[in-house]
Amino acid sequence: MSDRAVVVRRYLGSRKNIAGMAGALAGVGLHLAGVIGDIWPVVAVGLYGVGALVGPSDPLRDPPPEPRLTDTLRSEAAALLARVQAQAGALPSGTFADVDRIVGAVRLALDRLDQDADQETDRIAAPERLADAAEILRIELPLCLDTYLGRAPSTPEEPAARELGAQLKLVVARADRLVAQVPDIHVRRAEELTREMRRRHGQEQEP
């Protein structure tokens, strides 16, 4: 549907149009009652204009909510993985496996960041962890891939592939650290419940 059709459709259902239509119908009613003669179309149009002018405006619609950064990053991660899969023939063996591992780790961190943290320290650290995830997906991974794919034709393939592998291993390590830094709230709550139950049952340590 075109933008113009959307605007027209929206106006037809608006309060101002309804008020205008009520005025126009009142003009027709006056004609049928014998109050006005052949000029009733002009009167109806005039009453429509008055009704539309003084009619109440529609309430402002709330703008659609902005997507969460975690959801945006998930979409970007999926697109990045699909890109690597599509270019698998131009990339060294093992590249897809490394990227898949990195993307999987970042997704896990994003899932945990969506959880409501219990501890204030986790809530304070969340923006920094989210920035780390964005840097991995938006800067480091694309830079590694683009550097390899954009090398000069005269560049030997073997050393370029070796450098790409070394770069991806560094990103893998960073993604693993990110996961370790973002706690799983549900696991932590279960562990705390277990400790509390042991305390109540007089078992301060595991048997």
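**Close-up views of selected side-chain contacts**

**View 1. A network of salt bridges links Arg68, Asp71, Arg74, Asp111 and Asp114.** In this predicted model, Asp71 takes part in a salt bridge with Arg68, for which the N to O distance is 3.2 Å, and Arg74 forms another with Asp71, with the closest N and O atoms 2.7 Å apart. Arg74 and Asp71 are both located in helix 4, where 3 residues, or about one turn of the helix, lie between their positions. Asp71 is partly exposed, its relative accessibility being 30%, and Arg68 is likewise classed as partly exposed, with a relative accessible area of 45%. In the structure as a whole there are 13 salt bridges.

**View 2. A salt bridge joins Glu76 to Arg138.** The closest N and O atoms of Glu76 and Arg138 are 2.8 Å apart, and the pair links distant parts of the chain, since Glu76 belongs to helix 4 and Arg138 to helix 6 (residues 120-149), 62 residues apart. Glu76 counts as partly exposed at 29% relative accessibility, and Arg138, with a relative accessible area of 43%, is also partly exposed.

**View 3. Thr70 makes a side-chain polar contact with Asp114.** Thr70 is found in helix 4, which spans residues 69-86, and with a relative accessible area of 6% it counts as buried, because the limit for that class is under 20%. The polar contact runs from the side chain of Thr70 to the side chain of Asp114 at 2.9 Å, and Asp114 is also a member of the salt-bridge network of the opening view. When residues up to four places away in sequence are left aside, Thr70 touches Leu110, Asp114 and Leu130.

**View 4. Ile102 is buried, with a relative accessible area of 0%.** This residue lies in helix 5, which covers residues 95-113. Not counting residues up to four places away in sequence, Ile102 touches Ile136, Leu141, Leu168, Val171, Val172 and Ala175. The C-alpha atoms of Ile102 and Lys169 are separated by 9.3 Å, although these two residues are 67 residues apart along the chain.

**View 5. The charged end of Arg151 sits over the ring of Tyr148.** The distance from the charged end of Arg151 to the centre of the Tyr148 ring is 4.2 Å. As for pairs formed between aromatic rings, a search of the whole structure finds 0 of them.

Key
Residues numbered from 1 in each chain as written. Predicted model: local features only at pLDDT ≥ 70, side-chain atom pairs only at ≥ 80, totals over all residues. Heavy atoms only, no water. Phe/Tyr/Trp six-rings, centres within 6.5 Å; stacked < 30°, edge-to-face > 60°. Lys NZ or Arg CZ within 6 Å of the ring centre and 35° of its normal. Helix = DSSP H or I, 4+ residues; strand = E, 2+ residues; numbered from the N terminus. Buried < 20%, exposed > 50% of the residue type's maximum accessible area, 1.4 Å probe, protein only. Polar contact = N/O pair within 3.5 Å; in protein donor to acceptor, adjacent residues only side chain to side chain. Contact = heavy atoms within 4.5 Å. Salt bridge = Lys/Arg side-chain N within 4 Å of Asp/Glu carboxyl O.
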